[in-house]
Amino acid sequence: MNSSIRDLYQKILASKDTNLYNDVIKKWVIENEYKEYLTESLQQYAVAYNKDFPQNELWELYALTRVLDVLTLSFQDDNANSANKSEPKVSIEEYIAIVELLGLEVLFPSEYHAFNCEIFEAKKKSGAAEIVNCLFPAVKFGDVMIKRAGVHVALDADRYNVGNINKATMYWAHWRKNRNSADLSDGWGGNSQWRTMPRLDIENEEVFIYNPQGSINLSQPTEIVMEELRQQGLSLEEAVELTKYRQFVSCEKEDDDLSPYNFTYTAYKDR
């Protein structure tokens with residue numbers, strides 16, 4: 001790697017080029033040999049995600065998620081949060097090409113699951129959840145979920161608070177057009193904001209691990225864990241919901257001043 005992907009993020013926002021993919025992104029990725037760097041880094045992360053993975057490497061992976069966030073803005077529905085913000089535009093075909101150029105994989109989910117889907121719009125229905133429209137695919141590297149797919153879904157109103165879903169704050173998210181978003185970079189200066197932990201989840205044959213870097217293990221609710229939840233005014237079930245979905249989907253509590261970033265949760269597939 002010759003330069004941090006932070007540099008590409010700034011170039012994308014500053015570019016007035018109508019051929020953003022070829023003239024800016026593809027050129028930068030190749031010149032900086034970023035595919036080779038990213039492949040090696042993510043291979044190490046997949047093994048050491050909750051142990052001794054270097055902090056500066058985590059910061060770089062966070063910068064990668066920021067690039068993917070900004071490239072998916074044009075696929076999202078407009079609302080008041082869109083005003084006066086730069087919106088780089090690539091086609092869905094170009095977005096897939098960028099992901100593959102970086103050595104990553106795309107996944108168009110066939111069924112709704114919190115692990116690989118982020119809700120951009122929810123509607124009511126009866127029965128099992130159903131994907132109505134996939135705005136953009138999920139981005140993975142092996143067992144590592146880097147960015148979830150953006151979806152419109154139909155959800156059972158007896159299980160989900162559908163009206164609240166569409167306005168709930170999305171945590172571990174720097175920039176969304178259609179709702180409030182929040183991550184640990186908020187409020188920090190130009191350099192400090194990049195020293196942020198990424199939200200990368202893990203799936204293997206047995207489990208889904210949500211936010212594996214987290215130090216507050218909701219799967220083992222010790223008294224220390226429960227005290228932290230009491231201080232945030234959350235039940236264990238509410239904290240698990242927030243960690244899995246990155247937003248409230250059934251809880252009706254105020255959600256604009258929470259700090260779930262140290263929560264981690266492991267869900268076993270056979271339970």
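Predicted model: local features only at pLDDT ≥ 70, side-chain atom pairs only at ≥ 80, totals over all residues.
**Pro54**

Pro54 is partly exposed, with a relative accessible area of 34%. I found Pro54 in the loop between helix H3 (34–48) and helix H4 (55–71). I then took a distance to Ala267, which is 213 residues away from Pro54 along the chain. The C-alpha atoms of the pair are separated by 26 Å.

**Pro221**

I went on to another proline, Pro221, in the loop that runs between strand E11 (216–217) and helix H7 (223–232). Is Pro221 buried, partly exposed or exposed? Its relative accessibility is 42%, so Pro221 counts as partly exposed. Leaving out residues up to four places away in sequence, I noted that Pro221 touches Met226 and Leu236. I also checked Pro221 against Ser41: the two are 180 residues apart in sequence, and their C-alpha atoms are 32 Å apart in space.

**Positive phi**

I looked up backbone angles next. Trp172 is not a glycine, yet it has a positive phi of about 55 degrees. Trp172 sits in the loop between strand E7 (170–171) and strand E8 (181–182).

Asn211 is another non-glycine residue with a positive phi, of about 55 degrees. I placed Asn211 in the loop between strand E10 (207–210) and E11. Asn211 counts as buried because its relative accessibility is 2%.

I also noted a glycine: Gly103 follows H5 and has a positive phi, near 85 degrees. In helix H5 itself (residues 92–101), I listed Tyr95, Ile96, Ile98, Val99 and Leu101 as buried.

**H1 against H2**

I then turned to a helix pair. Two packed helices are described by the angle between their axes and the distance between the axes. For helix H1 (residues 5–14) and helix H2 (residues 20–31), I have an angle of about 170 degrees and axes 10 Å apart. That angle makes H1 roughly antiparallel to H2, since angles over 145 degrees count as such.

Which residues of H1 and H2 meet? From H1 I wrote down Ile5, Asp7, Leu8, Lys11 and Ile12. On the H2 side they meet Leu20, Val24, Ile25, Trp28 and Val29. Sorted by class, this contact of H1 with H2 has eight nonpolar residues, two charged residues and no polar ones.

**The protein as a whole**

I finished with the overall numbers. The protein has eight helices and twelve strands. Its radius of gyration is 18 Å, close to the 18 Å that the globule rule gives for 271 residues, so I recorded the protein as being as compact as a globular protein of that length. The C-alpha trace spans about 50 × 40 × 40 Å along its principal axes.

How much of the protein counts as buried? The share is 51% of the 271 residues. For the accessible surface I have about 13000 Å², and 45% of that belongs to carbon and sulfur atoms. Last, I looked at contacts between residues at least 6 apart in sequence: 68% of them join residues at least 24 apart.

Definitions and conventions. Residues numbered from 1 in each chain as written. Heavy atoms only, no water. Helix = DSSP H or I, 4+ residues; strand = E, 2+ residues; numbered from the N terminus. Buried < 20%, exposed > 50% of the residue type's maximum accessible area, 1.4 Å probe, protein only. Contact = heavy atoms within 4.5 Å. Axes fitted to C-alpha atoms, helices over the stretch in contact; angles between N-to-C directions. Parallel < 35°, antiparallel > 145°, perpendicular 65-115°, else oblique. Nonpolar A, V, L, I, M, F, W, Y, C, P; charged D, E, K, R; others polar. Rg over C-alpha atoms; globule rule 2.2 N^0.38 Å. Areas by Shrake-Rupley, 256 points an atom, 1.4 Å probe, with all protein chains shown as cover.
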